[in-house]
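Subject: Handover of a structure, with notes

Dear colleague,

I am passing on the structure below, together with notes on what was found in it. Please read the notes with the structure open beside them.

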Amino acid sequence: MAALPLTNPEFAAQFGALLDLSAPDQAALAALLDRWAQGGAGVAVAAGRSANTNVALNDFLRQAIEWYAGAVDGGPEGDGRYPLTDSVGNTYLVPSPAVVAEGGPDIVAAVGTAEAAAALASAAQVAAEAAAANANAKATAAQGVVDSAATVIAAKDQAVAAAATTTDLDALRSTQTIGRAATPITGSNLGANTYYLAQPITRASRVRTIRVFNPGPAGSIRLLVGARSGSTISEVSDTVVPIASGLNVLTSGQFPAITALAGQYVGIYGQSTSARIAVTAGAATDHPGYYSAAGDVNSVAVGSPVTANRIEIGIDWEAVTVTEVRVAGIEGAVSATQAAASKALLALAEPSEVRMGRAGTPVTGSTGADRPFVFGDSFNGPTAALEVGVFMLAAGNLRVGAWSRNGDVLTEERSVTLALPAGLNIIPAASLSGLYFEPGEHLGYYAGTAVAVSGSASDNGGYFTPSTTGNATSFTDSAVSTGVRLEIYVRTVVSEFRDIPARLSELEDVVGSFSSTGGVFALTDGYAMATAARRHVLGYGQSNDIARGASVINGVASVRHLTFNVGVCMTKPGLSDGNLPDDGAKKFLVESVTNPDGGGNCGQTKHWTAALEATRRLARTGVTPTFFRSSAGKGGTGISTIGYGGAWYANLRYHAQRAKALAAADGVAYCVSAVEFDHGETDQANNIAKATYSAAIDALIDGFAADLVTDGVQTARPHWLFTTSPYQIKTGAGPSLAIMDHCALPADGGRPDCHLVLPGYRLIDENGDNTHLTAVSQALKGHYYGRAEAQLEAGRVPDRVWWEGIVAVGTQLTAWLLAPKPIEINTTLCGATTDHGIKVVDATGTLTLSAMAVGMPIAADDVPGWVRTPFTMTLNRSLGANPVFRYALDYANALLGATNGAGGDLFDTTADTCVISGVTHSMAHPAPVCSRPISAID
C-alpha cells in the first residue's frame with residue numbers, strides 16, 4: 001500500500017471523527033493502519049489470496065464500475081441493486097450510490113452489516129492488493145482505491161478481532177493431514193517405487209508442513225501430486241524436497257511451494273537419491289494406506305489400498321477459508337465495531353462530485369458556432385468522468401475531453417468520441433473510459449454545430465473558443481466569453497478516499513494482462529503431435545543444427561533409434577554444396593564426425609541425447625518409441641536460402657521422403673513428429689527485419705506441411721520446436737523476436753504448431769570461434785529438446801517461462817513471470833549479466849535501474865502447479881512516451897562467448913537435470929528473449 005498523505009495517527013483521528021469513533025477506537029484504527037502499511041501477517045495471507053484470484057479480481061473490478069455508476073432503476077432486478085462478489089465467491093446485491101442518495105435502502109438494511117462487511121471489504125481488499133502489488137498504488141487516482149479499501153479493511157479487521165473471542169468462529173485456515181498425524185518413526189527403507197497415499201485432498205490447498213523419517217543419509221525426496229481419472233492416478237507435479245538424515249519436520253519456506261486441487265492425491269517416489277523414506281511393516285494404524293506401482297512411473301493403478309505397512313510421512317495441507325460460522329461470529333461481534341464497519345462502507349458509497357458546465361438539465365436551443373468550446377473553470381484535483389449530459393440538435397459525433405491551458409494557449413490532452421442521436425443524451429461512465437481530468441485542466445468539446453446553445457444568462461459557466469471555425473485541437477484565447485449558455489455538462493468524481501471508475505478500468509486492463517496466458521497449456525484441438533511406430537524428428541537450420549566444429553560424445557550406437565547410413569546430417573544427392581549424399585540405407589543412431597555441406601567438420605548434434613531424454617520420459621508412461629533422427633540444415637545460410645523455395649529447402653523435403661521410403665521397405669508406419677529449428681545467426685548479423693523473417697518462417701512451416709501431404713507422407717502437421725540464437729542479437733534481434741511471436745500461445749497471436757524450447761544464451765560452451773557450440777552444449781540442447789518432445793506427446797505445450805504483465809507506477813516497475821517453479825537470479829549457469837539482462841527504454845532514452853529483486857512467488861490458480869513470480873526494480877525517472885521492457889537483447893552474460901551476443905540470468909528453479917560425460921547439468925528454464933511495451937500508470 002502506498003503511503004497515506006497523512007500519518008496513520010493523523011488519518012485515524014480525522015477519519016475517526018467522521019465516524020464518531022472514540023479515542024481508544026481511533027488508536028486501534030491507527031494501529032491497524034500501521035500493521036497494514038508495514039505488511040503484517042494478515043496482509044501476507046491477503047496477498048496470497050489476491051495473487052491467486054486474478055480472474056475473480058477482474059470480475060469484481062467490472063462489477064464495481066457498474067455498481068458505482070448504477071442508476072436507481074438499474075441492476076439485474078431493476079431496483080438499483082448491483083451484484084458484488086467477494087474473494088471467496090459469495091455474491092450480494094448491493095444498492096448503488098444513486099439509490100442510497102435518494103433515500104433508498106442502505107447497504108446494511110439490504111444485506112446485513114456483517115455480510116456487507118465480508119462481501120465489500122473482501123472484494124475491496126482484493127482491489128487494493130492489485131493496486132498495491134501490481135501498481136504500488138502510486139497513481140494519484142489509484143490512491144483512492146487503496147485508501148478507501150484500507151479503511152474498510154481496518155474496520156473489518158476490528159470485527160474479526162472482536163469475533164475471534166467467540167467459540168463459534170471457525171479458524172481462518174482449514175487444514176488436512178494426509179498420511180501420519182503422529183510423529184514419524186524409523187523403519188526399513190521404502191522401495192524404489194511410486195506411491196500415492198490413499199486419501200484425496202479435500203480442497204484446493206498448499207503444503208504447510210512435511211514430517212518424514214529418513215533412515216538413510218541426507219539427500220532429497222520427490223513429492224508428487226496426482227489427479228485421479230477412473231482407476232488411475234496420473235502425476236501432475238513433481239517437487240524435490242531436501243531432507244536430513246533422521247526425523248525431519250519441514251515448514252513452508254524450507255521447500256518449494258507445493259499446491260494441489262480438491263480431489264487430487266499426494267504421492268512420493270521411494271528412492272529419489274541416497275536419502276530414504278522409512279516404512280514400518282505391520283503398522284495398521286495412523287495412515288490411510290497407499291497405492292503403488294513398480295519403478296519411477298507417471299501413473300499408478302487404483303485398487304485396494306495397502307494398509308499392512310505404514311509409510312512414515314505426514315503432510316499438512318492448508319487452505320484459507322471464510323465460513324458461514326465465521327460470518328455468524330462477525331454478526332455477534334461488538335456493536336460499536338459493526339457500526340464502524342457499516343459507516344466505513346457507506347462512506348465508500350458516497351461520491352464526492354464535481355460538476356462542470358450546466359448545473360441543470362441541458363435543453364434545446366439554437367445552433368452554435370462550428371468551433372471547439374472549453375469551459376473557463378478548471379478542476380482543482382484529479383477527477384474521473386462519471387456522466388456527460390448534452391442536448392444534440394442533430395445526430396452526430398461529440399468529442400469531449402480534457403484541455404490544458406498554458407498562458408493563452410489551450411490544448412486538447414485526451415478525449416473520447418461519442419456517436420449520439422438528436423435530443424437529450426445522458427452518457428454513463430461505462431462509455432467514458434479513459435476520460436479524466438488532472439488538476440488545472442478544463443472540460444472542452446467539439447461537435448460541429450450539433451450541440452445546442454441558448455441565450456439565457458443563468459447557469460452559464462463561461463468558455464474559451466477560437467476566433468476561426470473548424471475542428472481545432474489547440475487555439476489561443478485570452479478571455480472567458482459568456483455570450484451563450486452551452487447545453488452540456490460533465491459530472492466527475494474526486495479520487496480522494498473513493499473508488500474511481502476510470503482508474504478501476506485502467507487497473508482492470510493492467511491486471512487482466514497478467515493472466516493473458518489464461519492457463520491454456522493443452523495443445524490446440526487438431527494439433528496433437530503425430531506419432532507412429534517410427535517417428536521422425538528432423539533438425540533444420542544452419543551450422544548449430546548440423547554441429548559445425550563440435551567433437552563427438554555419443555559415439556556408441558543406439559540399439560533402438562535410427563538415422564541415415566551416411567550419418568545424421570545426410571544431404572540429397574546432386575544438391576549443390578551437398579557433401580554427404582544419401583546411399584539409400586539406414587543404421588542405428590550414432591553421432592559421428594561428418595562434413596555434410598562442405599563447410600567443415602561437424603560432430604555431436606542434439607539428436608542422440610534428445611532421443612535418450614524423450615525415450616526415458618515416455619517410458620514412464622508406458623510408451624517405448626522408436627525415433628528416426630536427422631538434421632537437414634546448412635551452415636552460414638540465411639532464411640532466404642533454407643526457407644521455402646530456397647535452394648537448400650529441397651534437403652529438408654528429401655529427408656522426409658527418404659525416411660518414409662525406408663520405413664515402407666521395413667513395413668513400418670512412419671510420420672514426421674517435429675522439426676527442431678536452430679537458426680538465425682546469419683540473419684541477425686545482417687539485421688534482417690522481424691517482419692521479413694516472420695513471413696519466411698510462416699512460408700517454411702506451411703510449405704513443408706503441404707509438401708508432406710503432396711509426397712504422401714502424412715496429413716498431420718509436424719510441430720516446430722525453436723531455440724533463439726544469442727549470436728549477433730545485439731546487431732539485429734528481428735529473427736529472435738519473430739520466433740518469440742510465433743511461440744506465443746494462440747490466444748496471444750502465436751501459432752499452435754510452434755513452441756519455444758530454449759533461449760540460446762543458456763548454451764554458454766562454444767568451441768572458441770564465438771559462434772559454434774561444443775559437443776557438451778549440443779548434448780545439453782538435445783536433453784531440452786527431448787523433454788519438450790515428451791511433453792508434446794502428452795498433449796501439452798512444452799514447459800517454459802512466460803513473461804506476463806510489465807507494469808510501472810511512477811518509478812516502480814514490476815515484471816511478472818509465469819513458470820513451472822519460482823524464478824531466481826542464477827549466475828552459476830551463464831554468469832552474471834548487467835541488470836540481470838533487463839533494459840528499459842522510452843522515447844527519451846535508456847533508464848537507469850536499481851533495487852532489482854525477485855519477489856515472493858505465488859501459486860497460479862489458473863495453471864495448477866505453476867507459480868507467478870514478480871521481479872521488481874526502481875527507475876531513475878518516470879517513464880516517457882513509448883516505454884519498452886527488453887530482456888536478453890542488450891547485455892552479454894559473463895560466460896557467454898557468442899559474438900555481439902546477449903542474455904540474462906533469470907531462471908526458474910525446475911529441478912530437472914541431465915548427465916553429460918559424467919557431469920550433472922541443470923535443465924532449469926531460462927527466461928526467454930523479450931521486447932514488449934510497459935503498462936505505465938502515472
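In strand β25, Y446 has R399 standing opposite it, and Y445 has F373 as its opposite residue. Please bear in mind throughout that this is a predicted model. The strand β25 runs over residues 442-446 and is mostly covered, five of its five residues being buried. In a regular strand the side chains alternate between the two faces of the sheet. Here H442, G444 and Y446 point one way from β25, while L443 and Y445 point the other way, and all of them are buried. Two pairings of β25 can be described: β21 pairs with β25 in the antiparallel sense over five bridges, and strand β19, residues 373-378, also pairs with β25 in the antiparallel sense, over three bridges.

Three strands form an open sheet in the order β4-β12-β15, and the pairing is antiparallel. The edges are taken by β4 (188-189) and β15 (309-311), each of which has a single partner strand, so one side of each is left without a neighbour in the sheet. Between strand β12 (residues 278-281) and β15 the antiparallel pairing extends over three bridges, and V279 has I311 of β15 as its bridge partner.

Next come the aromatic rings, for which the count comes to 14 aromatic pairs. One of these pairs is formed by Y195 and Y290, whose ring centres are 5.4 Å apart and whose planes stand at 75°, so the pair is edge-to-face, the angle being over 60 degrees. Because Y195 lies in strand β5 (residues 193-197) and Y290 in strand β13 (residues 290-294), this pair ties together parts that are 95 residues apart in sequence.

Another aromatic pair, formed by W403 and F475, is tilted, with 5.6 Å centre to centre and 55° between the planes. This pair also links distant parts of the chain, since W403 belongs to strand β21 (residues 396-406) and F475 to strand β28 (residues 474-476), 72 residues apart. W403 counts as buried at 1% relative accessibility, and F475 is buried as well, with a relative accessible area of 6%. The strand that holds W403, β21, is also the one that pairs with β25 over five bridges.

Beyond these pairs, Y540, F677, F704, W720 and F722 form one aromatic cluster. Charged groups are found over rings too: the charged end of R629 sits over the ring of F627, 5.5 Å from its centre, and R800 lies over the face of W802, at 3.7 Å from the ring centre.

One member of the aromatic cluster, F704, is also among the buried residues of helix α17. This helix covers residues 690-710, has 21 residues and reaches 30 Å from its first C-alpha to its last, which is close to the 30 Å expected at 1.5 Å a residue. The buried residues of α17 are Y693, S694, A696, I697, L700, I701, G703, F704, A705, D707 and L708. After the helix α17 comes G712, whose phi is positive, near 70°.

A single loop residue may also be of interest to you. T774 is found in the loop between β37 (754-759) and α19 (775-793), and T774 is classed as buried because its relative accessible area of 19% falls under the 20% cut-off. Leaving aside residues up to four places away in sequence, T774 touches A550, D765, E766 and N767.

Finally, some totals for the whole protein. There are 20 helices and 50 strands, and buried residues make up 55% of the 938 residues. Of the contacts with a separation of 6 or more, 77% are accounted for by residues 24 or more positions apart. The accessible surface comes to about 33800 Å², of which 52% belongs to carbon and sulfur atoms.

With best regards

Notes
Residues numbered from 1 in each chain as written. Predicted model: local features only at pLDDT ≥ 70, side-chain atom pairs only at ≥ 80, totals over all residues. Heavy atoms only, no water. Helix = DSSP H or I, 4+ residues; strand = E, 2+ residues; numbered from the N terminus. Expected span 1.5 Å × (residues − 1). Buried < 20%, exposed > 50% of the residue type's maximum accessible area, 1.4 Å probe, protein only. Contact = heavy atoms within 4.5 Å. Areas by Shrake-Rupley, 256 points an atom, 1.4 Å probe, with all protein chains shown as cover. Phe/Tyr/Trp six-rings, centres within 6.5 Å; stacked < 30°, edge-to-face > 60°. Lys NZ or Arg CZ within 6 Å of the ring centre and 35° of its normal. Pairing = 2+ DSSP bridges.
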